[in-house]
Amino acid sequence: MKREIKFSLLYRDMWQSSGKYVPRVEQLEKVAPAIIDMGCFDRVETNGGGFEQINLLFGENPNIANRRWTQPFNDVGIQTHMLERALNAIRMSPVPADVRKLMFKVKKLQGTDIARSFCGLNDPRNLENSIKFAKEGGMISQASLSLTISEVHTVEYYTKLAEQLIEMGADEICVKDMAGIGRPAFIGKIIKNIKTAHPETVVQYHGHSGPGFSMASILEAARAGVDYVDVAMEPLSWGTGHADVLAVQGMLKDAGFAVKDINMKAYMEVRSLTQEFIDDFLGYYINPKNRQMNSLLIGSGLPGGMMGSLMADLGSNLESLNKWLTKRNKPTLTQDELLIKLFEEVEYIWPKLGYPPLVTPFSQYVKNLALMNVLQLIKGRERWSMIADNIWDMIIGKSGKLPGELAPEIIELAKANGKEFYTGVPQDLYPDSLDIFKQEMKENNWDFGQDDEELMELAMHPEQYRAYKSGKAKADFEADLAAKKAAKAPKPAKVEVTAGSFEPKSMIIDVNGEKFKVGVSYGDIANAPSANGNGKPKEEATPVAASGNATVEVLSPLEGKFMLTKDNTETPIKVGDTVKEGDVVCYIESMKTYNAVVAEKDGKVVGIAKANGDSVEEDDVLVQLA
């Protein structure tokens with residue numbers, strides 16, 4: 001009798017491996033029946049990862065989306081699963097235990113059957129609560145092995161980790177090859193060891209296509225005894241995403257495994273609807289390069305799931321960097337040149353940081369630090385001169401135990417920055433906080449939501465939830481989308497007027513590079529009124545200190561979002577406060593990390609130039625001190 005291998009459709013991860021956003025709830029409801037009609041899926045990944053945060057960012061309620069999107073699958077017996085990040089739950093920073101516990105309860109009641117939990121450092125201490133809370137909430141606990149390739153990440157290492165997680169009570173194991181760099185034979189050996197020791201334990205394989213190993217890896221996983229394989233669909237399969245179900249089904253069927261047939265009419269409908277969503281608005285946030293496979297990813301080991309955000313970050317940083325270079329009459333860089341520099345820096349710094357598996361959030365931390373190093377070196381500054389708070393927490397042990405040893409230079413750098421290393425249980429550093437958020441909801445007269453799901457969202461994503469409730473998130477998203485649409489729209493003729501000495505009643509105009517002399521009905525253009533109405537060039541506004549004394553401007557060290565605090569434990573500065581040299585006055589949230597901005601002298605806050613959440617560029621004035 002042929003052994004059956006079942007498929008899980010990663011409809012959530014398909015989008016996030018390609019771009020920034022996911023479909024809106026009405027789009028998800030529209031595609032769900034066709035996914036069901038395909039008849040080949042036993043599981044569908046519906047939420048978790050960045051799903052909730054992304055809904056908040058475009059001004060939608062993720063709880064409504066989760067319930068309405070999972071219901072059709074619940075109704076027909078297709079299991080739904082989510083992705084969560086252990087200590088970090090469904091955000092990029094550590095989450096208090098009471099918030100984590102509530103999340104699993106909410107997720108089950110919203111219709112999610114399986115919690116796929118991973119720790120970016122493979123620290124079992126961080127996964128222990130995930131396993132416990134998932135089972136207490138009525139969910140199936142699927143604990144993950146975050147795969148990567150290094151001298152410390154061996155077959156024995158992962159086999160031992162799987163044993164620990166099963167002993168902790170994990171119902172299933174996911175072999176999570178988030179970067180697709182796991183070599184096929186390596187993956188096969190790990191799965192065979194798990195299934196030999198625990199034949200009753202379900203094993204699911206998750207891999208990305210980017211570097212080119214995925215099909216061979218799936219075949220090795222199947223031969224080693226895997227039960228489920230994660231797949232994607234055109235037009236979002238391959239590239240930095242996952243192998244297409246058509247190819248995987250054909251390969252496994254030929255290899256002698258039992259696999260479900262695919263209703264091709266329904267496949268084409270899902271394919272068509274997905275393209276419709278891309279054309280609607282999601283395509284504006286998908287970099288075309290993310291649709292390509294690239295073996296350069298083997299060297300850097302960066303995961304497909306973050307390539308959408310990576311290319312977006314790279315584009316915005318490149319624009320800022322090239323402005324800086326142009327001002328100094330230096331040659332600018334192309335995106336490919338910056339990308340190669342980034343990949344090379346990742347390879348250089350990764351071993352020095354103790355080989356954290358390159359999975360969210362630590363892939364972002366390593367990438368962000370590498371990018372900051374590259375930008376600083378290009379500008380003639382020191383490597384390691386800008387390290388975000390979240391990255392320091394990883395380095396000093398507040399996020400968990402690193403798999404490898406830190407390089408001596410990193411240890412010395414930590415000591416020089418007054419950092420103390422932590423060896424305790426990471427969760428102990430983050431006290432329960434639900435009561436604080438309950439009070440905020442009461443003060444604002446906000447509904448706690450069905451099964452306290454709105455409370456969970458506020459506690460999980462405070463800044464994004466507040467922006468969603470105020471309407472700012474939707475307004476910002478719609479403005480951003482409008483700008484992207486305008487940028488891609490056909491451009492009207494560009495007309496430039498050249499001032500100077502002209503023949504009477506004529507001027508020169510430039511239309512898309514072609515110059516024409518035209519008659520005018522008024523005199524010399526040089527005497528025409530200017531933008532400020534006084535015949536002189538318009539000048540930029542200059543901040544004025546309240547007291548008239550000289551002020552010191554605190555400038556943004558990079559582009560991102562201006563944040564007065566990084567969480568609810570901090571008190572924001574205000575005008576009139578006194579600060580000391582070295583005090584943190586604000587943060588720049590950039591590439592999903594918080595970068596502290598400190599005062600370079602003692603002083604009194606006489607001005608705060610930006611509103612909380614405003615976008616800023618490098619060298620923008622943030623705070624004024626007198």
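Me: At what angle do helix 14 and helix 15 cross?
Reply: Keep in mind this is a predicted model. The axes of helix 14 (residues 335–349) and helix 15 (residues 362–378) cross at roughly 115° and come within 8 Å.

Me: Is that crossing left-handed or right-handed?
Reply: Helix 14 and helix 15 make a right-handed crossing.

Me: Which residues in helix 14 meet helix 15?
Reply: Leu-338, Lys-341, Leu-342, Glu-345, Val-346 and Ile-349 do. On the helix 15 side, the partners include Val-366, Leu-369, Ala-370 and Val-374. That contact has ten nonpolar residues, one polar and three charged.

Me: Switching to the holes. How many cavities of 30 Å³ or more turn up?
Reply: Four, from a search of the whole structure. The largest cavity holds about 100 Å³.

Me: What lines the largest cavity?
Reply: Among the lining residues are Asn-317, Ser-320, Met-372, Leu-375, Pro-557 and Glu-618. Helix 13 (307–327) and helix 15 are the elements that give two or more residues to that lining. By type, the lining splits into six nonpolar, three polar and three charged.

Me: And what's the volume of the second largest cavity?
Reply: About 50 Å³. Eleven residues line the second largest cavity, and the closest to its centre are Asn-368, Met-372, Ala-388, Thr-593 and Asn-595. Here helix 15 and strand 16 (593–598) are the elements giving two or more residues.

Note on methods
Residues are numbered from 1 along each chain as its sequence is written. This is a predicted model: local features need pLDDT of at least 70, side-chain atom pairs count only at pLDDT 80 or more; totals for chains, interfaces and linings use all residues. Side-chain values use heavy atoms; hydrogens and water are left out. Axes are lines fitted to C-alpha atoms, for helices over the stretch in contact, and angles run from 0 to 180 degrees between N-to-C directions. Helices (H or I, at least four residues) and strands (E, at least two) are DSSP runs, numbered from the N terminus. A crossing is left-handed if the near helix is turned anticlockwise from the far one by less than a right angle, and right-handed if clockwise. Contact means heavy atoms within 4.5 Å. Ala, Val, Leu, Ile, Met, Phe, Trp, Tyr, Cys and Pro count as nonpolar, Asp, Glu, Lys and Arg as charged, and the others, Gly among them, as polar. On a 1 Å grid over the protein atoms alone, a cavity is a set of points where a 1.4 Å probe fits but cannot get out, and a pocket is an open set with protein on both sides within 12 Å along at least five of seven lines; lining residues have an atom within 4 Å of a point. Grid points are joined across faces, edges and corners, and a volume is the space filled by probe spheres set on the points.
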